[in-house]
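Subject: Structure handover

Dear colleague,

Here is the structure we spoke about. Please look it over, then read the notes below.

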Amino acid sequence: MGRGTRHARPIVLVHGGAGARKMTDEQALCLTHSLVLGYALLARGDSALAAVEAAIQLLEGSGLFNAGLGARTQLDGVRRMDASIMEGRRLRAGAVAGIEGIRHPITAARLVLEKSGHVLLAGEPATRFARHFGLAPQARRVADRSDRPRPARGVTRTRQLFRALQAPRGAVRRLRACGTVGAVALDARSTIAAGASTGGIGLMLPGRVGDSPLIGAGVYADNESGGISMTGMGESVIRLGAAKAMAERLAAGRSPDVVARTVLRALVARTGGRAGALVLGRDGRFAIRHVTTRMAAGYWDGEGEPVVRDKFL
């Protein structure tokens with residue numbers, strides 16, 4: 001789906017993942033609330049960075065997506081999460097990878113941006129960093145049977161990990177349940193921000209990091225080009241450097257719709273991957289595109305009602 005008119009109005013876009021599953025009514029309502037919250041901040045003059053963080057926080061806290069409270073367990077039974085956020089005026093960025101026990105990884109990423117002088121913190125030190133700033137812990141949730149690995153220790157765990165490495169390519173794809181969340185926004189000062197948050201993928205080896213916390217892969221924002229938030233098969237998005245590739249094409253004057261279509265086609269052709277993208281240009285034009293069956297996403301610029309659906313083809 002593309003938007004061709006040029007305008008400088010504040011706008012926010014959100015997504016709840018790309019894949020084959022149909023969006024539920026509860027997810028659609030949650031995405032709508034996320035858009036309303038994000039735009040309310042923009043309307044009162046807050047920054048695009050604040051709007052992106054707040055919109056993603058709401059999705060993380062809902063338990064309806066594979067992020068924050070809803071993050072799925074990985075192969076060893078542990079929930080590890082990744083997130084990143086970036087603003088386009090000074091190219092400031094913050095990210096966390098493999099963080100545990102934190103309700104809002106996107107806020108941990110923003111703290112890295114604002115408090116650390118670094119871009120990416122990973123693993124247990126990232127968790128300690130978040131706890132140092134008093135971030136709310138992640139509540140326990142009851143996983144469904146497909147999401148609950150059996151306890152495994154020693155030799156049994158080693159065998160499970162080995163089987164995962166040897167899994168047929170098609171089987172791995174079938175287990176890649178999507179649900180990564182993300183947002184991009186343009187504020188009244190013409191600053192763009194973008195972010196993403198995820199609990200990873202099915203059949204995920206401990207230590208695996210996807211595209212969501214990698215600046216230039218899953219997320220990018222630059223006032224001289226635009227903002228991008230990706231979702232889908234992270235390994236393919238990383239290999240293509242998809243978010244930065246889109247930003248470079250935006251900077252060269254291509255429309256968000258052309259940019260999204262071009263890079264997503266290249267992702268399929270070069271890597272065999274599947275993904276979706278929010279692409280927001282510096283002038284307010286945008287596109288929501290995907291090469292998966294569905295992508296739960298929406299947008300709102302304060303006019304009419306927020307638009308949310310799971311197909312933008």
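Serine 236 lies in helix 7, residues 234-240. Helices here are DSSP runs of H or I with at least four residues, strands are runs of E with at least two, and both are numbered from the N terminus. Serine 236 is buried, at 2% relative accessible area. Buried means under 20%, exposed means over 50%, and partly exposed lies in between, using a 1.4 Å probe and protein chains only. Leaving aside neighbours within four places in sequence, serine 236 is in contact with Leu267, Thr271 and Gly273. Contact means heavy atoms within 4.5 Å.

A word on the source. This is a predicted model, where local features need pLDDT of at least 70 and side-chain atom pairs count only at pLDDT 80 or more, while totals for chains, interfaces and linings use all residues. Residues are numbered from 1 along each chain as its sequence is written, and side-chain values use heavy atoms, with hydrogens and water left out.

The overall picture:
- The chain has nine helices and 13 strands.
- Of its 313 residues, 58% count as buried.
- Take the contacts between residues at least 6 apart in sequence: 69% of them join residues at least 24 apart.

Salt bridges

Side chains of opposite charge can pair when their charged atoms come close. A salt bridge is counted when a side-chain nitrogen of Lys or Arg is within 4 Å of a carboxyl oxygen of Asp or Glu. How many salt bridges are there in the whole structure? The search finds 15.

Arginine 208 bridges to glutamate 235, with the closest N and O atoms 2.8 Å apart. This pair links distant parts of the chain, 27 residues apart: arginine 208 is in the loop between strand 7 (192-198) and strand 8 (219-222), and glutamate 235 is in helix 7. Arginine 208 is buried at 16% relative accessible area. Glutamate 235 is partly exposed at 28%.

Arginine 261 and aspartate 257 form a salt bridge as well, at 3.2 Å from N to O. They are separated by about one helical turn, because they sit four residues apart in helix 9 (residues 256-271). Arginine 261 is partly exposed, with a relative accessible area of 36%.

Aspartate 310 and arginine 294 also meet in a salt bridge, at 3.2 Å from N to O. Here too the pair links distant parts of the chain, 16 residues apart: aspartate 310 is in the segment after strand 13 (307-309), and arginine 294 is in strand 12 (residues 294-300). Aspartate 310 counts as buried at 12% relative accessibility. Arginine 294 counts as buried at 19%.

Helix packing

Axes are lines fitted to C-alpha atoms, for helices over the stretch in contact, and angles run from 0 to 180 degrees between N-to-C directions. Angles under 35 degrees count as roughly parallel, over 145 as roughly antiparallel, 65 to 115 as roughly perpendicular, and the rest as oblique.

The axes of helix 2 (residues 48-62) and helix 3 (residues 105-116) come within 8 Å and cross at roughly 150°. The two helices are therefore roughly antiparallel. Leu49, Ala50, Glu53, Ile56, Gln57 and Glu60 of helix 2 meet Pro105, Ile106, Thr107, Arg110, Leu113 and Glu114 of helix 3.

The axes of helix 8 (residues 242-251) and helix 9 come within 9 Å, crossing at roughly 140°. Helix 8 and helix 9 are therefore oblique to each other. On the helix 8 side, the contact is made by Ala242, Ala245, Met246, Arg249 and Leu250; on the helix 9 side, by Pro256, Val259, Ala260, Thr262, Val263 and Leu264.

In helix 8, the buried residues are Ala242, Ala243, Ala245, Met246, Ala247 and Leu250. They pack against strand 8, strand 9 (226-232), helix 7, helix 9 and strand 10 (275-281).

Backbone points

- Leucine 91 has a phi near 55°, a positive value in a residue other than glycine. Leucine 91 lies in the loop between strand 3 (81-87) and strand 4 (92-99). At 41% relative accessibility, leucine 91 is partly exposed.
- Serine 190 has a phi near 65°, again positive in a residue other than glycine. Serine 190 lies in the loop between strand 6 (181-186) and strand 7.

Best regards
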